[in-house]
Amino acid sequence: MDEARQLIEHHAAAIARLCDAAHVRRLALFGSGTRPDFDAARSDLDFLVEFEALPPKDYAEAYFT
């Protein structure tokens with residue numbers, strides 16, 4: 001997972017800002033980004049997102065953010 005970790009660390013500030021804007025409570029990496037054979041040129045990063053408790057309208061906006 002070294003390449004994926006480096007990619008995430010390189011963009012950590014932007015990821016944190018996006019999570020704050022979208023009311024993300026928890027963000028977890030899964031899929032190819034967790035495997036040693038991850039290749040940034042051919043793979044994407046998949047995240048499981050848990051949002052804060054929000055009214056339905058705000059939840060939809062957070063989801064599409």
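In this predicted model, D39 and R42 form a salt bridge, with their closest N and O atoms 3.4 Å apart. D39 has a relative accessibility of 22%, so D39 counts as partly exposed. R42 counts as exposed because its relative accessibility is 70%. The cut-offs behind these words are under 20% for buried and over 50% for exposed, with partly exposed in between.

K57 takes part in two of the contacts described here: one salt bridge with D58 and one with E61. Between the side chains of K57 and D58 the N to O distance is 3.8 Å. Between K57 and E61 the closest N and O atoms are 3.9 Å apart. K57 and E61 both sit in helix α3, where four residues, about one turn of the helix, separate them. Both K57 and E61 are exposed. Salt bridges with shared partners also join R25, R26 and E50 into one network. Returning to K57, the value behind its class is a relative accessibility of 61%, which is why K57 counts as exposed.

The secondary structure of the protein chain consists of three helices and two strands. Read from the N terminus, these elements follow the order α-α-β-β-α. The C-alpha trace spans about 40 × 20 × 15 Å along its principal axes. The protein chain has 65 residues, and 14% of them count as buried.

The next feature is the largest pocket, which has a volume of about 200 Å³. Which elements give two or more residues to the lining of the largest pocket? They are α2 (12-21), β1 (24-30), β2 and α3 (56-64). Among the lining residues are I15, L18, C19 and A22, together with V24 and L27. F47, V49 and F51 also line the largest pocket, as do A62, Y63 and T65. By class, the lining holds 11 nonpolar residues, one polar residue and no charged residues.

V49 belongs to strand β2, which covers residues 46-51. Is V49 buried, partly exposed or exposed? V49 counts as partly exposed because its relative accessibility is 35%.

H23 lies in the loop between α2 and β1, and both α2 and β1 give two or more residues to the lining of the largest pocket. The phi of H23 is near 60 degrees, a positive value in a residue other than glycine. Most residues other than glycine have a negative phi. With a relative accessible area of 33%, H23 is partly exposed.

How values were computed
Residues are numbered from 1 along each chain as its sequence is written. This is a predicted model: local features need pLDDT of at least 70, side-chain atom pairs count only at pLDDT 80 or more; totals for chains, interfaces and linings use all residues. Side-chain values use heavy atoms; hydrogens and water are left out. Buried means under 20% relative accessible area, exposed over 50%, partly exposed in between (1.4 Å probe, protein chains only). On a 1 Å grid over the protein atoms alone, a cavity is a set of points where a 1.4 Å probe fits but cannot get out, and a pocket is an open set with protein on both sides within 12 Å along at least five of seven lines; lining residues have an atom within 4 Å of a point. Grid points are joined across faces, edges and corners, and a volume is the space filled by probe spheres set on the points. Ala, Val, Leu, Ile, Met, Phe, Trp, Tyr, Cys and Pro count as nonpolar, Asp, Glu, Lys and Arg as charged, and the others, Gly among them, as polar. A salt bridge is a side-chain nitrogen of Lys or Arg within 4 Å of a carboxyl oxygen of Asp or Glu.
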